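Okay, thanks for coming, everyone. Let me put the structure up and then walk you through a few spots in it.

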Amino acid sequence: MQKRINLIPLEMAVPARAVKLARLLSKISIVGTILLIISTIYVILAIVIYSVEYKKVVTSIESKKIKIVSLEKSEQKLFLAKDRTEKIVQVINLASAHKEIDKFRAFSDQMTTNPDSSFTEVSINTKKTELSISSKNSNSLTEVLKLASSIPGYKNIVLSSFGFSPATGFLSNLIFNIN
Amino acid sequence: MNNELKFIIKPVLLLTILIILFTAVFFIGVKKITTIKAQINDSKKMEAVLGQKVSILETIPNIILGDTTFLDIALPSRGAVLYGLNQVKSQAVLNGVIITNLKTGSVSPEKDAISKVNITFDVSGPSENLYTFLSSFSKLLPLMNVDRARISTIDSTVNANVTINVYTAELPKKIQSITENAEELTDDDIETIKTISNYTIPEFIEPKPFEGEAKPDPFN
């Protein structure tokens with residue numbers, strides 16, 4: 001049987017535990033190196049792939065910007081249309097006397113059935129309508145007041161003055177308040 | 001002890017270097033990847049915005065058809081008074097009423113970027129014609145409305161002193177940048193445009209050259 005003879009001097013010998021530790025560290029280093037290579041490859045690949053994707057998106061953005069520049073006239077039309085429609089709606093919603101004029105016109109048309117009454121003066125604005133009405137007799141005056149009270153859309157109707165003259169008949173002043 | 005240390009120092013150093021390299025690759029790599037991913041996300045958002053803007057702009061020729069002069073004239077930035085005067089005179093001729101004492105006021109602010117100018121005049125004519133004339137202002141361009149009317153009747157002729165407001169608005173001074181999102185026209189906007197397109201715009205007449213005989217030259 002062969003016998004192992006250790007010729008290394010005792011003072012130069014390395015303890016067994018140190019040898020075990022060194023071998024363990026070497027194995028860990030090998031694994032670590034493999035992991036390092038794999039992770040480096042992964043990082044490089046990831047950077048390359050994402051960079052390519054980023055370039056694609058940037059190219060798409062640039063082509064869309066070129067398309068938008070070519071649609072400049074449409075953009076101006078849209079911008080103007082948005083600006084104007086917003087302001088047009090604001091203006092249309094502003095108070096106007098034309099509805100009051102239409103109401104007065106309808107009232108005036110109905111008054112034609114009452115020949116003994118007539119308007120002497122009419123003042124229409126965005127807040128109220130003021131009528132001066134001359135009526136030859138009390139019946140026609142009553143008809144006028146009945147007609148006036150049936151007009152919709154007024155907060156109140158005020159009889160601001162009322163007079164009588166034997167020559168001209170009744171003279172009444174009505175104020176139709178909108179608000 | 002020295003031999004032990006000398007023996008294990010190489011593997012320890014190698015492992016230490018590996019750990020440092022691994023940490024560097026990990027942190028630098030992850031940071032770079034995170035940065036690129038963030039750039040991609042931001043760019044994709046921008047791409048979506050621009051894509052939407054392109055599709056909105058491509059539909060505009062189908063929504064706003066033909067000549068859009070009426071949009072400019074609805075709230076002109078300049079010349080609103082002249083347009084207003086033109087409309088007053090045209091409608092007076094159309095409705096068979098007589099206009100006198102035509103006066104204009106100065107521009108006064110209304111709200112936001114909208115201003116108004118008032119035009120005052122006396123009008124006389126048959127009552128039906130006069131009321132039709134006064135009602136016509138709600139369907140004319142530029143946008144105008146009757147502010148007040150004082151009406152009196154003498155025999156069968158109705159006389160009125162009328163003040164109308166003509167509205168004007170500054171044009172937008174700054175258009176949005178290419179990368180800003182475009183607001184598409186809502187159904188209400190389209191309805192407003194359709195309504196306004198049916199209003200009457202002022203008549204623009206090209207004056208014809210004089211066809212009569214030229215005056216003799218007094219110096220010749």
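Let's start with Phe26(B), which is partly exposed at a relative accessible area of 47%. By that I mean the band between buried, under 20% relative accessible area, and exposed, over 50%, with a 1.4 Å probe and protein chains only. Before I go on, some housekeeping: this is a predicted model, where local features need pLDDT of at least 70 and side-chain atom pairs count only at pLDDT 80 or more, while totals for chains, interfaces and linings use all residues. Residues are numbered from 1 along each chain as its sequence is written, chains are lettered from A and ligands numbered from 1 in the order in which they are written, and side-chain values use heavy atoms, with hydrogens and water left out.

So, back to Phe26(B), which sits in helix H1 of chain B. Helices here are DSSP runs of H or I with at least four residues, strands are E runs of at least two, and both are numbered from the N terminus. Phe26(B) belongs to a nonpolar surface patch with Val31(A), Leu35(A), Phe22(B), Phe27(B) and Val30(B), and together they have about 570 Å² of accessible area. That area is Shrake-Rupley with a 1.4 Å probe, and for residues only the protein chains shown count as cover. For a patch, residues need over 30% relative accessible area and no salt bridge; nonpolar side chains (Val, Leu, Ile, Met, Phe, Trp, Tyr) are joined within 5 Å, and like charges within 9 Å. A salt bridge, in turn, is a side-chain nitrogen of Lys or Arg within 4 Å of a carboxyl oxygen of Asp or Glu. Which helix gives the most to the nonpolar patch? That's H1(B), with four residues, though H1 (16–70) of chain A also supplies at least two.

Now the inside. The largest nonpolar core has 40 residues, and among those with the most contacts inside it are Phe107(A), Phe121(B) and Phe137(B). A core is a set of buried Ala, Val, Leu, Ile, Met, Phe, Trp, Tyr and Cys residues joined through side-chain atoms within 4.5 Å. Strand E5 (residues 157–169) of chain B gives the most to this core, five residues. There's also a second, separate core of 30 residues, including Ile61(A) and Ile56(B).

Look at Phe121(B), buried at 0% relative accessibility. Leaving out residues up to four places away in sequence, Phe121(B) touches, among others, Val88(B), Ile99(B), Asn101(B) and Phe133(B), a contact being heavy atoms within 4.5 Å.

On to rings: the whole structure has 11 aromatic pairs over all chains. Rings of Phe, Tyr and Trp (its six-membered ring) pair if their centres lie within 6.5 Å; planes under 30 degrees apart are stacked, over 60 edge-to-face, the rest tilted. Phe121(B) and Phe137(B) have ring centres 6.3 Å apart and planes at 45°, so that pair is tilted. Phe121(B) is in strand E3 and Phe137(B) in the loop between H4 and E4 of chain B, so the pair ties together parts 16 residues apart in sequence.

Most residues other than glycine have a negative phi, and most peptide bonds are trans. Asn101(B), in strand E1 (residues 98–104) of chain B, has a positive phi near 55°. Asp112(B) has a positive phi too, about 50°, and is exposed at 65% relative accessibility. And Leu141(B) and Pro142(B) are joined by a cis peptide bond, omega about 0°.
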